[in-house]
Structure formats: C-alpha cells, structure tokens
Amino acid sequence: MTRLGYDRYREEVATQIGLFRETLAGADLSVTVPTCPEWTLGELARHTGGAVRWVEAHVRTRAEAHVAESDVPGFQGPGDDDPAALDAWLAETAERMDAALAGASGDTAVWTWTDEHTAEFWARRMTHEVAVHRADAAIAAGVPYEVAPEVAADAIDEWLEIVQYVQRTDLADNAHELRGDGRSIHLHAVDAGAALDAEWVVELAPEGVVWRRAHEKADVALRGPLTEVLLAFYRRRGLDSGRVEVLGDRELLEFWLERASFG
C-alpha cells in the first residue's frame, strides 16, 4: 500500500502532539480514561509523551539496539498533574522529536522492534500512536475527535501490517488464533472519497491474516464514517456505539477484535 511518506509523517507527529495538547487543555487530568481504564488522563499524557521521547532517543542516536527507558532524557515527565508543566513537557517533546526526524531521512537505519529498521517506521508509528491516544484523551475529556482521512486510512493499514508481523513472528499467542478457512471481514468507510479507497478486506487464511484494499462481499462488514471505523477497529469505540453498523457474522468481528489486541 502507498504510505504517506516520511515528510508527511514527520509533519503529522508534530500535528498530532499539538492536537493532543489542545485536547488536554482545561480537562480534568485526574479522570479515568474509559478506553484505557488503568490510566488517568494525566497518566495517559505522560505515557504518550514518554513513548515519543523513547522513539526520539532511538532516531537521534541512530540506535542499533533497544534503548532503556531510564536512558531517555525526561522520559517520565512531570511528577504530578500540573497542567502547565505537563503542557510544557509535551511541547518540548514535540520539538525534540521534530528535530530528531529532521536530522534523519526515511531510510536512516535505526533499531526497531519489527523487521523494518528505519526512521520512517518510527515516524509512521508515532503518527498513529499519538493519533489513537488522542482519541483516548478526547473520549475521556468529552470533546470531539477528528483525524485526517488519509491518516486514518494509513493507521488501519499499519495496524493490519502489525497484526501480520506479530502473527508471523509468534510474538503473541492470541494472534496465532487469527487463522481459518478464509472467513473474511470487510471494513467500509462510507464517507471517504473514491480516491482514498478506504475499504479493506481481511481474510483469516490457513497461513495467517491476508488483507487488501478492496470492495468485496465478506462474512461480516463494519461500516461507518472513516474515523468511527478506525476507532471501532482499534477498540476505542464499541460496536454498539450507534456510530458504526455491523452486517453479517458479528461473532467473527468480535473474535478478531479480541485477538488483534496486543500490549
């Protein structure tokens, strides 16, 4: 599939962190995040910023191996939920990350946890890491959430690639179960233009997950606005939210959602 490109990913990391900061502005940082109930909103913010700083350390140093979190400057963030301190830390995080990405190119060799060892992998990963955690923050803060259509579509592509990688390398037992006789799932964004081609067919084949961008009949279809399809596919919004429609074998879709979840 066609990616957005390194320069766009670099731009999007900065954009998503900026939007994340806007989402936090005026919010109660002590509330529990419904989609990540182990965290408060403040803890979610520190997790997200810490993840970006961890990646920044890898790109900046051209790391050839995993960098320990304890070796990442400012990884933990502010020790409390002081809004001004947290916002300043996130702003600095964005600046550091942008400088690191600006000093590299898409094919710069960098350690990653996958088999694609490039700075572009990290730029893309952080684009979607922050974009999805921004959705968590928006849901917790009770504010609207939108993401650019091409970013949402690329996030779905990337997640399907991650599922395939995890399955191929046996990194998670639940992914191993995503095999079958060709049963299929159709993701259909009803509000995206034809040029974006925002439809996916995901098959549970005997050898593992196979997917493609296509409009085809499947055993189950998940239909709705692209942003809502993304959130449902990432388990950020329930299938009964009223924002998406499930047609066909709902149990198959639920089976996928339960097993295509890692972390």
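Which residue lies over the face of Phe255? I looked this up and found Arg183, at 5.8 Å from the ring centre. For a charge over a ring I required NZ of Lys or CZ of Arg within 6 Å of the ring centre and within 35 degrees of the ring normal.

Notes on the source. The model is predicted, so I kept local features at pLDDT of at least 70 and side-chain atom pairs at pLDDT 80 or more, while totals for chains, interfaces and linings use all residues. I number residues from 1 along each chain as its sequence is written, and side-chain values use heavy atoms, without hydrogens and water.

Aromatic pairs next. I have seven in the structure. Rings of Phe, Tyr and Trp (its six-membered ring) pair if their centres lie within 6.5 Å; planes under 30 degrees apart are stacked, over 60 edge-to-face, and the rest tilted.

I looked up Trp113 and Tyr165, a tilted pair with 6.1 Å between centres and 55° between planes. Trp113 is in the loop between α3 (83–102) and α4 (119–141) and Tyr165 in helix α5 (residues 149–168), so this pair ties together parts 52 residues apart in sequence. Helices (H or I, at least four residues) and strands (E, at least two) are DSSP runs, numbered from the N terminus.

I then checked accessibility: buried is under 20% relative accessible area, exposed over 50%, partly exposed in between (1.4 Å probe, protein chains only). Trp113 is partly exposed at 31%, and Tyr165 is buried at 11%.

I also found Trp159 and Tyr234 paired and tilted, 5.3 Å centre to centre and 40° between the planes. Both Trp159 and Tyr234 are buried.

Last entry: Trp54, Trp111, Trp113, Phe121, Trp122 and Tyr165 form one aromatic cluster.
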